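Here is a short briefing to read alongside the sequence and the 3D view. Keep both open as you go.

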2 protein chains.
Amino acid sequence: MNKTTDRSLATMARQMKKDDHFLILTHRRPDGDTVGSAVALCIALRKLGKHAGICPNPEIQDRLERYMKPYVSAPDARVDNVVTVDVPSYGQMEATSKVYSDRIDYVIDHHLANQMAARKAKFADPSAAATGEIIFRLIAELGVQLDAEIALPLYISLSTDTGCFVYSNTTVQTHEIAAACMRTGIDAAALNKEFFESKRRQRFEIERLVTGDLRFFDDGKIAAISVTQKMRRDTGATEDDIDDFSSIPRKIEGVLVGISAYEQPDGSTKISVRTSGEVDGSVVCAAFGGGGHACAAGCSLKEGPEDAIQAVLAVVRTHLAALAQ
Amino acid sequence: MNKTTDRSLATMARQMKKDDHFLILTHRRPDGDTVGSAVALCIALRKLGKHAGICPNPEIQDRLERYMKPYVSAPDARVDNVVTVDVPSYGQMEATSKVYSDRIDYVIDHHLANQMAARKAKFADPSAAATGEIIFRLIAELGVQLDAEIALPLYISLSTDTGCFVYSNTTVQTHEIAAACMRTGIDAAALNKEFFESKRRQRFEIERLVTGDLRFFDDGKIAAISVTQKMRRDTGATEDDIDDFSSIPRKIEGVLVGISAYEQPDGSTKISVRTSGEVDGSVVCAAFGGGGHACAAGCSLKEGPEDAIQAVLAVVRTHLAALAQ
């Protein structure tokens, strides 16, 4: 929360107070942060007497939809000011909202390299764990009192983008804002139960298939999983259900390199490599035309999942052998 | 943090400042809260120039031992003042520390019905998510500055007792203290990774065996798991590895009643029943001489796990049928 960024948030708030008829856009495959941010901002603007609504997002999951539904704008609503929240790039705009791509007035985001252009004001702060943290500060700049109605979507935003305060993006500010939200009396325990302590049946089913087949190699230093099209068909699992599967192998103690193979509809394979850092995952994936970071990298192979794993495994082993020397 | 409780913490702090030669006791099968509380208090007392050490606890896991080891007292250390942290009852005292059971001077705990007697001062606050929250406040009353050395074990205490801020015991105060701890510069992300993002190989192995055999009954309204002695032998899993397995069935969406059967070495079965609240688990378990709460209850059956599950299932079904009417 340095002064420069707060000053530009104040500028954004001053401008917003002069405007009216807001439409708020969320990103593709909307998560708790984009939805929570949109809902909190929408409520705050309405409390200022503004007309505000959220653009429909047909990709939204049931779990989040019930929080957004009461704020979705009518098809015939007048739109003078378009705001994007948590949308990093034009490619991440959901189809319904793309009609507004050349007339975005406000951009609010926490992604490192936000590519969106704003006609009036843009605020992107990668130090925020969630866009909801920025919305919290913006709402204060707007002079709107934080109450339970606003705190609830903000808590969803913060908690979902940090895996409930477990990921490395969690900061002092995240906990401070969570405390402020809970002080309004929201039932954070019920939200945590809903978002973190419950699992879709489809997700449970595919997870046990995938972990059932997890294989260890080289004394448990390497572990690999496959997510096949058949598993997805048999369980009815969606993309969201397998969202964080790449982290499964590496979470097991002793595993230095986790390989996750996702079979594509055309029979090819997307590989995700997660490492403890000793082996550089980006170098492993570069051997197959991919890239990423040392701890999390990816590549695509035209082979099926089993052959793809064997190919990646061979490269990982040369790097592990180099380490042992 | 009401004034009454804070006043009695202040009284405890005043008394402690007059004393010296402290020995701090942790509870059986020590968790992050008892260990983190003991380490933080030990450091704070030493910063006041006191002699302080923690009683050895042979039941400690490797993961926690490295945080406690530097503070374990020498066998010949003088002991004038004995302090228990997070120890709810004499039965929960670890064998090594039982020699001190009739000469405990200070009792600090957050369990609802703490049964320990203190010669000098006792402070039990069930509103604290972790005993570490009370230690945080006590350290402030002692006039010791919170620094990274003290904040690290306190963060372990808070985060482990709340499942990283996800359980319903998490309060505004929990987040505020977490923020204060992180403000000292501790690497909370590394701690979270160690305690929440990593799984022992033995735990992974038994979890996939257990979830692989999980069965649904009655259109997914009931789910049941068995943890057999064979699974434990085959995987080498400890009590700690299967610690929270009873929550696995109920976490699946649509499951109203989760039944977990733990085969005992003598062939009998301990049953845990978790419910969404519609069915009263304590009533189900009472049919077998057990008890508990509506959402979490338990009982013991002399039958093996499969027969025990069938017996409990029959009772659960009568309650589900009553609901449907």
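Predicted model: local features only at pLDDT ≥ 70, side-chain atom pairs only at ≥ 80, totals over all residues.

Start with the pair of chains, then zoom in.

**How the two copies relate**

- Chain B can be superposed on chain A by a rotation of 180°, with 0.1 Å of shift along the axis.
- Which residue of chain B comes closest to the rotation axis? B:H175 does, with its C-alpha at 2.6 Å.
- The copies meet through the same surface, because 100% of the interface residues of chain B are also interface residues in chain A.

**A sheet in chain B**

- Six strands of chain B make up an open sheet, and their pairing is mixed. Read across, the order is β6-β7-β8-β9-β11-β10.
- The edge strands of chain B are β6 (215-217) and β10 (291-292). Each of them pairs on one side only.
- In chain B, β10 pairs with β11 (residues 296-301) in the antiparallel sense, over two bridges.
- B:G291 has B:G298, in β11(B), as its bridge partner.

**Aromatic pairs**

- A pair of aromatic rings is described by the distance of the centres and the angle of the planes.
- How many aromatic pairs are there over all chains? The count is nine.
- One of them joins A:Y67 and A:F195.
- B:F22 and B:Y106 form another tilted pair, with 6.4 Å centre to centre and 40° between the planes.
- B:F22 sits in strand β1 (residues 22-25) of chain B and B:Y106 in strand β4 (residues 106-109) of chain B, so the pair ties together parts 84 residues apart in sequence. Both B:F22 and B:Y106 are buried.

**Rings and charges across the chains**

- Ring pairs link A:Y155, A:F165, B:Y155 and B:F165 into a cluster.
- A:R201 lies over the face of B:F216, at 3.4 Å from the ring centre.
- B:R201 lies over the face of A:F216, at 3.4 Å from that ring's centre.

Methods: Residues numbered from 1 in each chain as written. Chains lettered and ligands numbered in written order. Heavy atoms only, no water. Least-squares fit on C-alpha atoms with pLDDT ≥ 70 in both. Contact = heavy atoms within 4.5 Å. Pairing = 2+ DSSP bridges. Helix = DSSP H or I, 4+ residues; strand = E, 2+ residues; numbered from the N terminus. Phe/Tyr/Trp six-rings, centres within 6.5 Å; stacked < 30°, edge-to-face > 60°. Buried < 20%, exposed > 50% of the residue type's maximum accessible area, 1.4 Å probe, protein only. Lys NZ or Arg CZ within 6 Å of the ring centre and 35° of its normal.
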